[in-house]
Amino acid sequence: MIRFLFLFIFVFHSYAQISDFDGIDFKKADRVALKYKNEKLNNLPELAHNLTLNLATDVERFRAIFTWVCSNIANDYGMFSKNMYKRQRFKNDSVKLKNWNTKFRKATLKKLVKNNKTICTGYAYLVKELADLANIKCEIVHGFAKTSTTNIKKIDAPNHSWNAVKLDGKWYLCDPTWASGIPNPTTFHFEFQFNDGFFLANPRLFAINHFPANKKWLLLDDANETSFEAFIESPIIYGKAYANLNTHIAPEKMHNVIRKNEIVTFKFKLKDTVDVKNVRFLIDNGSNSSNISPNSVTTKNNYLTLTHAFKYRGFYDVHFYIDKDLISTYTFKVKS
Amino acid sequence: MKTQLKFTPKKVLSALGYVTILMVVSVMFNPVYGQANKTSSPEISQKERTIKGVIKNEEGPLESASITLKGSNVGTTTNSKGEFVFPKALKTDDVLLITFLGYDTVEVKIKDDTTFINQMMSEDLIEFVGALNTNKPYKSKRPN
């Protein structure tokens with residue numbers, strides 16, 4: 001019975017995501033996007049027309065737009081940090097905040113047209129504008145996003161924007177900002193690194209580090225029961241999680257308290273099969289980090305299950321890797 | 001002396017010819033035909049014409065706004081005075097898309113009497129925020 005329920009939940013119930021379009025090869029759409037590389041933003045209708053003209057389906061047309069935006073628009077770290085600073089400073093002064101927003105909007109749009117540089121609302125806005133021009137229904141979703149460097153205690157106002165797009169009558173999620181690349185962690189210079197995993201991602205995975213201001217954009221059946229607190233408590237997942245995972249199932253929380261030798265289960269649904277030899281943890285006990293193989297690794301029908309037990313008391317940061325890709329992080333407080 | 005009208009076959013033919021020409025001419029310039037034209041207007045609406053215009057925002061003329069014929073890539077952009085001359089002659093029911101990043105896109109349908117477009121653009125009131133993603137591994141803060 002439990003097995004049946006399990007099947008029902010994870011196999012029969014599947015959310016709107018990229019696998020709905022398994023028969024479509026996006027290479028053609030990506031080639032179109034590449035053909036118009038370095039095109040400027042001063043004529044959006046023409047750009048939208050060129051990007052979508054020779055593609056047969058809405059999903060391919062949208063893919064060309066998404067790929068183009070993600071590979072031609074750079075993330076502006078200077079603008080991002082200045083905006084965060086000002087918004088934090090004016091957060092209790094609505095007049096000043098409004099004035100700042102107006103000023104910043106104008107400067108941001110100017111910079112976007114002139115230098116093809118922006119911050120995330122700029123990406124989401126551009127994706128929506130181009131999709132609108134191609135007659136594809138698309139919305140900007142504002143909300144909260146969580147990364148390994150997010151200060152969770154300070155997260156009191158929406159800090160990120162992404163898109164929902166309607167294709168063949170169903171809504172899908174994508175995050176063009178995070179798909180475009182990441183800043184170099186030491187120089188902060190933005191580096192293009194297209195991450196296809198953020199295109200029509202599984203809403204279950206998306207909800208682990210995205211929480212929309214309006215819960216309907218979770219696109220989950222249990223959206224009403226999904227709380228902001230659960231989002232805050234969820235594990236940290238990285239960009240590579242989107243490249244490797246269909247969804248993350250367990251542990252459900254970032255911070256865990258367990259006993260010595262208690263068996264902890266990690267469970268993921270994979271996009272593709274992995275070599276179990278390449279699955280590992282990097283465990284940091286505060287004084288040193290070491291690569292550890294899980295006690296057991298099993299794969300079945302694209303589900304990857306790992307178990308692990310800690311032999312000694314302590315506080316551990318546990319990073320989960322598939323090959324060289326950092327997927328997720330948890331902490332374990334191990335008591336005797 | 002009485003003149004007698006003689007209907008020779010030659011005269012009859014030429015008279016018939018005049019009548020025919022007269023009929024054709026009267027049909028061609030028939031005012032009823034012109035009126036019909038005004039209501040259902042297949043002729044006039046198909047007549048292509050050059051459309052000019054000016055695009056503004058609340059502060060004045062908007063430079064570099066783009067004007068495109070919907071469903072095509074034919075278009076132009078406004079000059080420093082916000083003016084444009086559309087490069088292709090347009091007909092009634094053609095739709096122009098007027099776009100400027102950060103402003104709501106406007107669709108203008110060409111009417112029978114449209115020759116000049118005066119369009120005010122309104123700003124899309126979006127608030128810009130941004131969280132960057134990172135692949136920097138999380139590190140717990142530990143008491144030393």
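Domain bounds here come from an automatic or database domain assignment. The model is predicted.

**Exercise 1. Locate the domains of chain A and state how far apart their centres lie.**

Step 1. Read the assignment. Domain 1 covers 15-234 and domain 2 covers 249-335.
Step 2. The centres of domain 1 and domain 2 of chain A are 30 Å apart.
Step 3. UniProt, in an unreviewed entry, places "domain: Transglutaminase-like" at residues 112-178 of chain A.
Step 4. Describe that stretch. Residues 112-178 of chain A are 31% helix and 34% strand. Their end C-alpha atoms lie 17 Å apart.

**Exercise 2. Judge how compact chain A is for its length.**

Step 1. Count the elements. Chain A has 11 helices and 19 strands.
Step 2. The C-alpha trace spans about 65 × 50 × 40 Å along its principal axes.
Step 3. Check the packing. Of the 336 residues, 40% count as buried. Among contacts with a separation of 6 or more, 62% join residues 24 or more positions apart.

**Exercise 3. Describe the largest nonpolar core and one of its residues.**

Step 1. In soluble globular proteins, nonpolar side chains tend to be buried together.
Step 2. Size the core. The largest one holds 102 residues. A:Ile65, A:Val127, A:Leu130 and A:Cys174 have the most contacts inside it.
Step 3. Find the main contributor. Helix 7 (residues 120-133) of chain A supplies nine residues, the largest share.
Step 4. Follow A:Cys174 beyond its neighbours within four places in sequence. Its contacts include A:Phe66, A:Trp162, A:Val165, A:Phe198 and A:Leu200.

**Exercise 4. Classify A:Ala230 as buried, partly exposed or exposed.**

Step 1. A:Ala230 sits in helix 10 (residues 228-233) of chain A.
Step 2. Apply the cut-offs. Buried needs 20 or more other C-beta atoms within 10 Å, and exposed needs 12 or fewer.
Step 3. Count. A:Ala230 has 14 such atoms within 10 Å, so it is partly exposed.

**Exercise 5. Characterise the side of chain B that touches chain A.**

Step 1. Count both sides. 28 residues of chain B contact 48 residues of chain A.
Step 2. Name the elements of chain B that give two or more residues. They are strand 3 (66-69), strand 4 (75-77) and strand 6 (95-99).
Step 3. Sort this side of chain B by class. It has nine nonpolar, 15 polar and four charged residues.

Technical notes:
Residues numbered from 1 in each chain as written. Chains lettered and ligands numbered in written order. Predicted model: local features only at pLDDT ≥ 70, side-chain atom pairs only at ≥ 80, totals over all residues. Helix = DSSP H or I, 4+ residues; strand = E, 2+ residues; numbered from the N terminus. Rg over C-alpha atoms; globule rule 2.2 N^0.38 Å. Contact = placed C-beta atoms within 7 Å. Nonpolar A, V, L, I, M, F, W, Y, C, P; charged D, E, K, R; others polar. Core = buried A, V, L, I, M, F, W, Y, C linked by C-beta atoms within 7 Å. UniProt positions renumbered as here; feature names shortened; annotations may be inferred.
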